[in-house]
Amino acid sequence: MLPEAVRDAGARGVLLNHAERPLTLAGLNQCIRRAREVGLATMVCAGNAEEGAAAACLSPDIILAESPALIGKGKRGPADMAEIQKINRSIHAVAPEMPILHGAGISDERDVYEIIKAGADVAIVDVNLEAAQKTAQEIQEANHNKMIAVKADITNPDEVNRMIDTILKEFGRLDAAFCNAGIGHNVEVENDTLEDWSRVIHVNLNGTFLTAQAAGRVMLRQGGGSIINTASMSAHITNVPQKECSYAASKAGVIAMSRNMAVEWADGNVRVNTISPGYMATEMTLSDPVLKPLIEKWEELIPVHRMGRPEELEAIAVYLAGDMSSYTTGADFRIDGAYTCF
């Protein structure tokens, strides 16, 4: 049985193939590469596999465990999802913290997996509780992991501390913190006001400091963890044609702050890194009446001549949150389509 195979193999992850087509050797190799990216050293491969892929599963790192309930399912419908969730629950009955990767038709260049954050319980934090609850509900419905929504103004130390207390009460520990809140303000330097300047610095820099500081205190006590702070390519270059000096300054501060945290907390096994996105086609950007007219100019300047997609930031966030990045701290990752190369 699959759960017992997971337990007996001492696997650190499970790969489930629930596509109509068998798992090919090429698809398996692609999954192995992706598994390494998210920190899995040993996998169990379950489902339908071709002979070549099955043979590869005999290596010490990969264990093949047939799961007849999944073979030949094809596209996932409600019944398939129910079966998959049932298998997820059975695995976590014997291995509560086991990451599960799902492959479907993974013999081509399509996205080969979606991470079911089973064992990675998640708190969604936002000053807008309704928005946080909606996001948490969407993830909860798609997966079986525990989700909570927490309201917090990250510029308020008391609310940040209450947020941490709530997370610890619900989950018992904090292994990764992704500090992603931020705002912008497009205005010429000579016309900026101290009030507007301070508002950007307060959210982007002070709020990130308070959140990372609170998370770091917990991680130092528990013996380690990973903090990921969102910076920006704006910390490295001057954006044109928009004027956003306060935003650039705040994000440059996030990088400098994170490097110092990384060095100070290295002995405590707490890693701190930053992600610096370029122009990303987020819903907020695409609907902003001030920014939308600038997109054509941005894409002209970006060497790859397009904006980034939000999902193109996911892999680096997963890498930094997991054990695979255990030697990575104090680094800044620019995901910008080569914009900052010139």
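Tutor: Rings of Phe, Tyr and Trp, the last by its six-membered ring, pair if their centres lie within 6.5 Å. In this predicted model, ring pairs link Tyr279, Trp298, Tyr339 and Phe342 into a cluster.

Student: How many aromatic pairs does this rule give?

Tutor: The count comes to four aromatic pairs.

Student: Why is the pair of Tyr279 and Tyr339 called edge-to-face?

Tutor: The ring centres of Tyr279 and Tyr339 are 5.6 Å apart, and their planes stand at 90 degrees. Planes over 60 degrees apart count as edge-to-face, so the pair of Tyr279 and Tyr339 is edge-to-face.

Student: What makes this a pair that ties together parts apart in sequence?

Tutor: Tyr279 lies in the loop between strand E10 (270-277) and helix H9 (283-287), while Tyr339 lies in the segment after strand E11 (332-335), so the pair ties together parts that are 60 residues apart in sequence.

Student: Why is the pair of Tyr339 and Phe342 called tilted?

Tutor: The ring centres of Tyr339 and Phe342 are 5.9 Å apart, with planes at 40 degrees. Stacked needs under 30 degrees and edge-to-face over 60, so this pair of Tyr339 and Phe342 is tilted.

Student: How do you know whether Tyr279, Tyr339 and Phe342 are buried or exposed?

Tutor: Buried means under 20% relative accessible area and exposed means over 50%. Tyr279, at 10%, therefore counts as buried, and so does Tyr339, at 6%. Phe342 has 62%, so Phe342 is exposed.

Student: What percentage of the chain counts as buried?

Tutor: Of its 342 residues, 44% count as buried.

Definitions and conventions: Residues numbered from 1 in each chain as written. Predicted model: local features only at pLDDT ≥ 70, side-chain atom pairs only at ≥ 80, totals over all residues. Heavy atoms only, no water. Buried < 20%, exposed > 50% of the residue type's maximum accessible area, 1.4 Å probe, protein only. Helix = DSSP H or I, 4+ residues; strand = E, 2+ residues; numbered from the N terminus.
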